[in-house]
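Trainee: I'm new to this one. Can you walk me through the fold?
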Amino acid sequence: MSRDICIHTWPCSYYLEPEKRWVPGKLSLTSLSLKFITDKTGKILVDFPLSSIIEIKKEASHFIFSSITILEEDHVKHWFSSLQPSRNAVFNIIEHFWRELLLSQPGAAAQVSSSPMTKGKELTGLMACSQKRLEDTAKVLHHQGEQFDNIMKGLDKIESDLDVADRLLTELESPSWWPFSSKLRKTPSETKPKEGASMSSSEAFGKEGIVIKIPAIISQRTESHVKPGKLIVLVSGLEVQDSDSLLMHRFERDDVDDIKVHTPYEISIRQRFIGKPDIAYRLISAKMPEVIPILEVQFSKKIEFLEDALMLRSTGASSPAEKGCSAWHAASGLMDRLMHCEPSSGSQEGGQTQLQESQPFVSEEEAEELTQKWRGDTERHRGKTAK
């Protein structure tokens, strides 16, 4: 899946400096760039990468009209005005993706042309992402196993309560002179230890952990009122917090009615009510592709991919665990092919061998690191599967 996916589009006007006039059109944000397309001709007037941005500011054109100005590395300043639904909403979203790109790729713009990534580094990054995906999936599956254990304990308690009720009913139906009626009595003290044990298990079950936490742009009801915040995925639900880490809303696992994936970077979460408005949040984040596979595991029957997000599901594996395992096998197979590649005789093949020696695909240190990671994580994965 290409990373340069359209995240959002806003109607606005762009100030064309050579002609000294405002041109109506649409401002489109992708994960890597910004571009402006005119309404009349459909011509792209502006198209520049997010990594080239130096500064994003809120300003006023002619001291009246609210605008957003973007300054590039070559000191070219772009003016955007008449932004819909609001200037603050557009500013917060663009600034979020710009900052996340700078944090995730420090110095990437300067290093892309000078030092291309080797195959070994690509494989190391692939294995690190797969390892993180497997760890997140293991946390969710472990919590689901605890849920099943808790359900079985609840069913055992219900069965014991039914046995007590059956004995009491039998005792009430038996005549007072029946000699075996006293054996059917069961004191309440016999049931207290089990109830206490279930309470202690529920208290231990209430201690939850954080699966993943990402920064996000949050909107509720209307898209014009957005603000930065956080989305926290817990083993028992979801939390939406503001920029000061104050809780805005907590969704328990059973409270979530549907999760819609609009794009790989945008989702909406809703909790329905009868007789009062639903609670719904719309979240946009540059880190959302890391969260969606986890939500697929936790809310497999409640998550829905819309048309713009179907490409994410079609290119991915059937589950995060299978995707991680397939990535491990693909990486290990590629590493074995690269390491066991023997030079052959011949003038043409000799030239290829000399070229490989001058620029190796995988260095010995990278190969050793990949082998250790693959073997260690494979043993841990097999151990968890056996348990």
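Mentor: Terms first. Helices (H or I, at least four residues) and strands (E, at least two) are DSSP runs, numbered from the N terminus. This is a predicted model: local features need pLDDT of at least 70, side-chain atom pairs count only at pLDDT 80 or more, and totals for chains, interfaces and linings use all residues. Residues are numbered from 1 along each chain as its sequence is written, and side-chain values use heavy atoms, with hydrogens and water left out.

Trainee: How many helices and strands does the protein chain have?
Mentor: The protein chain has 9 helices and 15 strands.

Trainee: What share of the residues count as buried?
Mentor: 35% of the 387 residues. Buried means under 20% relative accessible area (1.4 Å probe, protein chains only).

Trainee: Now the sheet. In what order do the 8 strands come?
Mentor: S11-S10-S9-S8-S14-S13-S12-S15, as an open sheet with mixed pairing. Two strands pair if DSSP finds at least two bridges between them.

Trainee: Which are the edge strands?
Mentor: Strand S11 (247-252) and strand S15 (303-305), each pairing on one side only.

Trainee: How do S8 and S9 run, parallel or antiparallel?
Mentor: Antiparallel, with 9 bridges joining S8 (residues 210-219) to S9 (residues 226-234). Ser-219 has Val-226 in S9 as its bridge partner.

Trainee: Which strands does helix H1 lie across?
Mentor: Helix H1 (residues 87-104) lies across S8, S9 and strand S14 (279-284). H1 runs at about 145° to S8. Axes are lines fitted to C-alpha atoms, for helices over the stretch in contact (heavy atoms within 4.5 Å). Angles run from 0 to 180 degrees between N-to-C directions.

Trainee: And H5?
Mentor: Helix H5 (residues 288-298) packs on the sheet, touching strands including S8, S9 and S15. The direction of H5 makes about 45° with that of S9.

Notes:
Buried means under 20% relative accessible area, exposed over 50%, partly exposed in between (1.4 Å probe, protein chains only).
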